[in-house]
Amino acid sequence: MPEENVQCPVETTLALIGDKWKILILRDLLKGTMRFGQLKNSIGTVSQKVLTSQLRDMEAHGLVDRKVYAEVPPRVEYSLTETGLSLEPVINAMLDWGQDYQDKFLS
């Protein structure tokens, strides 16, 4: 995320979590630590390549922590960092808004 392109805090937030898959990753990791396969299954139709890419990007930006265990086969777990956890009110607001919209327009 190049600093010279940052215009406002909303753009910064969107640059970090504006992708469909990142929001779903955050939603699921708010429930607790998950392994890659668990995360992929909980999200659904995301490809392994895209999920890996999104997790790496979120890790690079300090939202997700990746822990690798020295086992055979290797076990990798993902969790939210303190910064990632601080997005909980944002995700909850999106949940509330989405539920309200569904109730008004999709019922």
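Mentor: The secondary structure of the chain consists of six helices and three strands, and from the N terminus on these elements follow the order α-α-β-α-α-β-β-α-α, where helices (H or I, at least four residues) and strands (E, at least two) are DSSP runs numbered from the N terminus. This is a predicted model, in which local features need pLDDT of at least 70 and side-chain atom pairs count only at pLDDT 80 or more, while totals for chains, interfaces and linings use all residues. Residues are numbered from 1 along each chain as its sequence is written, and side-chain values use heavy atoms, with hydrogens and water left out. Along the principal axes, the C-alpha atoms of the chain fill a box of roughly 50 × 40 × 25 Å.

Turning to the part you asked about, the largest pocket has a volume of about 250 Å³, a volume being the space filled by probe spheres set on grid points that are joined across faces, edges and corners. A pocket here is an open set of points on a 1 Å grid over the protein atoms alone, where a 1.4 Å probe fits, with protein on both sides within 12 Å along at least five of seven lines, and lining residues have an atom within 4 Å of a point. Two helices, α2 (20–29) and α6 (88–105), each supply at least two residues of that lining, and α6 gives the most, with seven residues. The lining of the largest pocket is made up of Ile23, Leu24, Arg27, Leu30, Ile91, Asn92, Met94, Leu95, Gly98, Gln99 and Gln102.
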